[in-house]
Amino acid sequence: MAAFTLAELQARLGGEIRGDGSVLLDDVSSLSRAGAGQLGFLVSGKHLAEARASSAAALVIPASLDQTLPMPCLAVANPHAVFARATTLLRPEPDLAPGAHPSAVIGDDVVLGEGVRVGPGAVIGAGSRIGAGSRIGALVSIGPGCEIGRDCLLHARACVQHGCQLGDRVILHPGCVIGSDGFGLAWEAGRWLKVPQVGRVVIGDDVEIGANTTIDRGALDDTVIEPGAKLDNLIHIAHNCRIGRHTAIAACVGMAGSTQIGANCQIAGAAMISGHLDICDRVTLTGGALIAKDIREPGTYSSAMPFMPHREWLRNAAHLRHLDQMAQRIKELEKVLYKQAQQPE
Amino acid sequence: MAAFTLAELQARLGGEIRGDGSVLLDDVSSLSRAGAGQLGFLVSGKHLAEARASSAAALVIPASLDQTLPMPCLAVANPHAVFARATTLLRPEPDLAPGAHPSAVIGDDVVLGEGVRVGPGAVIGAGSRIGAGSRIGALVSIGPGCEIGRDCLLHARACVQHGCQLGDRVILHPGCVIGSDGFGLAWEAGRWLKVPQVGRVVIGDDVEIGANTTIDRGALDDTVIEPGAKLDNLIHIAHNCRIGRHTAIAACVGMAGSTQIGANCQIAGAAMISGHLDICDRVTLTGGALIAKDIREPGTYSSAMPFMPHREWLRNAAHLRHLDQMAQRIKELEKVLYKQAQQPE
Amino acid sequence: MAAFTLAELQARLGGEIRGDGSVLLDDVSSLSRAGAGQLGFLVSGKHLAEARASSAAALVIPASLDQTLPMPCLAVANPHAVFARATTLLRPEPDLAPGAHPSAVIGDDVVLGEGVRVGPGAVIGAGSRIGAGSRIGALVSIGPGCEIGRDCLLHARACVQHGCQLGDRVILHPGCVIGSDGFGLAWEAGRWLKVPQVGRVVIGDDVEIGANTTIDRGALDDTVIEPGAKLDNLIHIAHNCRIGRHTAIAACVGMAGSTQIGANCQIAGAAMISGHLDICDRVTLTGGALIAKDIREPGTYSSAMPFMPHREWLRNAAHLRHLDQMAQRIKELEKVLYKQAQQPE
């Protein structure tokens, strides 16, 4: 681990020091577990009691906080972001050894940029180009003809299939698959015929793709993940989808083919989106939402069935099969009652 | 890429040429992006305007189309299927080098059929047999005692566990796992005891399995995927399931143990099917359907909760916890009203 | 395969022999497919007819069964558990060769305990420690600084990221990812900033993790899977979750960040649990349940929308958008009717 005084962190990260800037920090921690040498953080006044009780050596706090804390603080506009940057300084991740490990298999005409590191057992297909500073983890598979940008981080066992393209600073987590075939089938003479998938996956700068997420290559045109989009684990993106800039998608989401999601959307976990839809910018989907139509207005959309004790559910759910009948019965009651009401007594 | 005249394609794929058969084609494309040398296609008259405006060098069109298009056309009964075959000719995928890469680890008594190709870092366990013409991608893991048919394509990082069996022309996409243990547990003395899973996975001819899909081996008997079934990405098939011929299953579907799905079914994305069920032939499930009982009649089944703006959802969803009460209140109203109606006034 | 007489099995597993204990057994089978030399089992009197018709050489049966069967039987208190143990004896799984395969890449300062086996192409990062008797399958990736306990079984292509910790007898299935980064993002100046994830995943003794399941490392503190918990395939466990002892989670479940599940819970397939929740001990969730609030009482909870033929669903589902209106109309009817009833006629 690295060590910095609070004043040295301030010099790099900005903000205002409250208290003793000479305190030496060599780690980060949550408030409750912090100890000597550890930096913690506070996003708002909500956790003030916890912050006071913390043994953290120093805290990153919101500049707006007008309370005095018992430890030295770095007061900043955006404590979450500044603490993230401090973590990068104080807790550098273990890195691959420089160069390409002798067990890696690097194909013909592969171009490795300056400072590229390739881990044990990684396989890079013929003609692929890896940008300067990128790190290719253990047992990663990169097919032939791929373009990987600069300063990318492909964690162990990530997979990029032939011809796909990644921008700069892209992060791929273990087990994710970029460029598997889309699910293209033509029905012919009583059986499915495979439709070759010849598009690519094109991923923009600063995209992060979670563990075991799969992004299928386009059928003819490309599947596109725009710059700054962030995808969590176990997500399925089908062929020819497009995900807009800075859209964040939580785990277990599925998107069927040719659907487009706009920019700055937030898709909560397990949402499922049908194919050939158009979801506009700044849409939030809540957990488990099933989206089967276009969304043309920014806003929050939901479709979850609320949970309840199983016995209550048994009683209530049965009526879901008869809602139409219930509605008819209400209509009938209204008709009878209105008729009565209109009759002279 | 390969190049063919339209007439050469017709000689291989059938159909009738309308226009100049000597046009040379060396690629495929979507209508909107097509350019010189590229073949496009049209499945129906629906996209006629787009076809007219396309710069494609030639198109595959339905024989039934009675309109004249500005470019040479190949008129066929099933344009989607013929275009798929043309794509295979015009855009051959990059292949592995002949033979077994020196970094591959091939166990004792492995039998590799004629023309088998094995990619870098692949591992094939003792006693496994790989049929002629099959290709085993980079970093694929095949356990001991497996049988892989002829002309199979195991993409990079696919995994087949010990003793499993694949038919001919099976395609496995990256990261899929065939033959992991089923989730078999016996409760004993306040804790779970693992129940060894000693069945196999048996996969028929012409099956395709998507990226990161998992198919568990049977507990005692086998898990079976019948010929021609097609599975998309991130699907879970539990132990002792059986999937019928030519059934297509979209991404993110889960099937619990010992469930059987018939032939020619279409299961849309994110459908979830409970264990020990029997789903008959020719059943369609729509996206997100939760199936908890047998289905004995062909047809389409659904259970999705429709999505709505979150504010509306908040208002509506609350009543789902009180549907039974609503039904009782309607009944009560009917009782009172009928009684009134029957009373002499 | 190994062979044992029924009497030898009894000596190891307990129970009472009914019939000829000298019958030789060298395999296990389901009742319907059993033949010579094969041991079957019966959990209750429910499948008695099938047991009578079985060609099994012997059966494990419940001690409480007062019926005589045509084959020798081992009568025990818990037939499922005893049959599981018999299976382990009769059908040992293929094992890795002793020692470390020459193609494995073992980093500096790695400590391999006595009898550890390492398969082809596996990669173990610097400073990791593997406990005695553990087996590391083909193409497994273990990052630097990991602690793996004794007698663990990491199947082919499992992945453990740097610094994570596994107890004894942990089983990881192919493709699972332990210790990928949590989905931590801070919004800053119109884009997402990655929040480094510096916690670990800590997995207790006797835990089993299914194929392609992902468990994210904690943001600052650890993600914890307590001893005896069992997780099926394609599950997502987000950062800082905690799963209690002996809790079993079926496939396709997702858990968002910082949620805690108690001990002895049973979570059925495709349940989705929001973040920052507290689920108490002994909770059962049924398939597809969407849990968005704390659960403080043991019991069974559900939220599935029941499935129905699509035509019925179309009629019924439309009303879900108008439940609030329906409730208002019922209220109105009650008001009118009560008023009438209270009026003197």
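Colleague: By what turn can chain C be laid on chain A, and which axis goes with that relation?

Modeller: Bear in mind this is a predicted model: local features need pLDDT of at least 70, side-chain atom pairs count only at pLDDT 80 or more, and totals for chains, interfaces and linings use all residues. Residues are numbered from 1 along each chain as its sequence is written, while chains are lettered from A and ligands numbered from 1 in the order in which they are written. Superposing by least squares on the C-alpha atoms of residues with pLDDT of at least 70 in both copies, chain C goes onto chain A at an RMSD of 0.0 Å, with a shift of 0.0 Å along the axis and a turn of 120°. That is the relation of a three-fold axis.

Colleague: Which element gives the most to the side of chain C that touches chain A?

Modeller: Contact here means C-beta atoms, placed from the backbone, within 7 Å, and by that 63 residues of chain C meet 60 residues of chain A. Elements are DSSP runs numbered from the N terminus: helices are H or I with at least four residues, strands E with at least two. Those giving two or more residues include β38 (299–302), α4 (310–320) and α5 (323–342) of chain C. With six residues, the top contributor is α5(C).

Colleague: Which residue of chain A stands opposite C:Tyr301?

Modeller: Strands count as paired if DSSP finds at least two bridges between them. Strand β39 (residues 308–309) of chain A has two bridges to β38(C), and the two run antiparallel. Opposite C:Tyr301 in β38(C) stands A:Pro309.

Colleague: And what is the bridge partner of B:Tyr301 in β39(C)?

Modeller: β39 (308–309) of chain C is an edge strand, pairing on one side only, in an open sheet of eleven strands with mixed pairing. Two bridges tie β39(C) to strand β38 (residues 299–302) of chain B, antiparallel again. The partner of B:Tyr301 is C:Pro309.

Colleague: At about what angle does helix α3 of chain C run to β6(C)?

Modeller: The sheet below it in our chat is open, mixed and five-stranded, ordered β2-β7-β6-β5-β4 in chain C, and four bridges join β6 (residues 58–62) to β7 (residues 73–76) in parallel. Helix α3 (residues 79–90) lies across β4, β5 (38–41), β6 and β7 of chain C. Axes are lines fitted to C-alpha atoms, for helices over the stretch in contact, with angles from 0 to 180 degrees between N-to-C directions. Relative to β6(C), helix α3 of chain C runs at about 150°.

Methods. Two residues are in contact if their C-beta atoms, placed from the backbone, lie within 7 Å.
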